[in-house]
Each structure stands twice: as structure tokens, then as C-alpha cells.
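Keep the 3D view open as you read.

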Amino acid sequence: MSPTLLQLLLAALAAGAGGAVNAIAGGGTLITFPTLLALGVPPIVANATSTVALWPGTVGSMWGYRRELEGARAWAVRFAIPSLAGGMVGALLLLRTSSERFSTLVPFLVLGATGLFIVQGPLTAFLRARRALASTAELPVTQSSGTGPSAASGATALAPPAVPLLVYQFLVSIYGGYFGAGMGILMLAALGFMGLVNIHQMNGLKNWGGTCINIVAVAIFAASGVVNWPIAMAMAAGAAAGGYAGSGLAQRIAQRTVRRLIIAIGLSSGIWLLVDQL
């Protein structure tokens, strides 16, 4: 598919909106992927192109949280192994899925990712509440002993992750390499259930895992020739501009409003795709 100037402009605008909402509340893929489908891009090409175009934003998010990983190096190293392996498996599975089969799965993937996005709000609130309770309980010890969160990031040293979490991360990474929308929510949930309470440290680990997953997927998609590079480049420029603008808008726009808009887009897109198959 050779995109027209109008298609490139619309793709860039969608990526700009996706980059902005990623900076404000997350969920940008639920804007970019359905937009590419609406522009006539085949589903597998749309998925791969969106992943490639938005990957720089993933790296930027990980870099922004790099100090939160200071007390979690053992986690970061061990987290990378299943993330890289699972991302590779998921990307290869996508390339081995027929266009017809993937088109059948797309509505359910979009609706499932939207469901995960809906869960993100309550989950984040729960994790923040746990963090607040843990901080209150540890405050006397921290003041008297001088130990606890580092001055730079508030991260505390963590024991290496358990094997069940690494297996879970491998499975999440397969999904991430295959489709990806909502995988961060799955990672946050697992980290919370494993006992982590520092939401910033958890976000750092989540972004690190997402970076590892996507770097393999991006490399495989790029090498396979499935990426529509003119659209990807236009989207990358739009996402960069949107991410920059979103970082400023984040302090002026209520996240609840943005989240509701993303949920509405995700649900309507998923239903439209489902009805279109009937």
C-alpha cells in the first residue's frame, strides 16, 4: 500500500493524539491502531507499523524512569530475559498468522485491550493506596535508621523476582509482541501481587519490560518487510510532537476525562470491527 498525503497526515495526527494520551494517561495504541485500520491499512501491517512508530515513546518512558530502577537491578536483569524471549515469540507468531485469522481476532484484541485499560484506573488506585499504607508503617523506622527509599528515587532494594513471575512475564511478553495494547497493565498487576508497593518503581520495571519486548518485535517487523515505512515515519513524528505536547497538557487536563475518551474510542472501535465482520 502506497499511502496518499492525506493518509500520512491522518496517521500523523492519530499518532500525535496517541503520543499525547500516552503522556497523560496511557492507551495510545487504542487510537493509532483503529485509525490505521480505518485508513485501509491491512491489520497485520497496521499492528506492526503502529508498534514501530510508537516504540521511541516507549524508550523515552523507560529512560524517564531509569532512576527508579536503582534499587531493582536484579529485577531488571532477570525481567529482560523473559521479556526479550516472549517478545520474539509473539512477533513471530504474528507474522505466521494469516491475514484472515488476524482480522477475525482484531475486534476481540481491541475490546480486550480496552477492558484492560478500564481496569488500569482501579488497579493503580489500589497500588497507590498500598504504597501509602506501607510508607506510613515504615516511617518511624526510616527516620531512626536512615535506611529505606533512596533520596534520588524512593526505590528500595528488591530481592530477585520469583520464578512464577518470570514465567508470567514470558506469557505477557508473547502477548506484547503479538499485539501489545494493555500489556503494561498486566505487568503492573503481577508486580503488585508479588508484593511491590512503590508505584514509581513498578512503573520503571513495567517500562523496562515493555522496552525489551518492543525492541525485539520492532527488529523482527522491520526485517520482515511488513512495516509501512512512510506511515511509520509520519506517525513517529506525530507521536514525538504529541508526547511533548501531552507532557504539558498533563497538568491541565483531568486524566479521568482523557481515560473516558480512550475507553469510548476503544469500545466503539472494537464494536465497529466486530459488526463489520458480521
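Buried means under 20% relative accessible area, exposed means over 50%, and partly exposed lies in between (1.4 Å probe, protein chains only). This is a predicted model: local features need pLDDT of at least 70, side-chain atom pairs count only at pLDDT 80 or more, and totals for chains, interfaces and linings use all residues. Residues are numbered from 1 along each chain as its sequence is written, and side-chain values use heavy atoms, with hydrogens and water left out.

Start with the whole chain. It holds ten helices and zero strands. Helices (H or I, at least four residues) and strands (E, at least two) are DSSP runs, numbered from the N terminus. Of the 278 residues, 48% count as buried. Contact means heavy atoms within 4.5 Å. Among contacts between residues at least 6 apart in sequence, 83% join residues at least 24 apart.

Now the core. A nonpolar core is a set of buried Ala, Val, Leu, Ile, Met, Phe, Trp, Tyr and Cys residues joined through side-chain atoms within 4.5 Å. The largest one has 63 residues. Phe33, Leu36, Phe102, Phe179, Leu191 and Phe221 have the most contacts inside it. Helix α8 supplies the largest share of this core, nine residues. Leu191 touches Trp75, Phe79, Leu165, Leu196, Met202, Leu205 and Lys206, leaving aside residues up to four places away in sequence.

Next, follow α8 to its partners. Axes are lines fitted to C-alpha atoms, for helices over the stretch in contact, and angles run from 0 to 180 degrees between N-to-C directions. Helix α7 (residues 183–193) and α8 have axes that come within 9 Å and cross at roughly 135 degrees.

Gln169, Ser173, Gly176 and Gly177 in α6 meet Gly209, Ile213, Asn214, Ala217 and Phe221 in α8.
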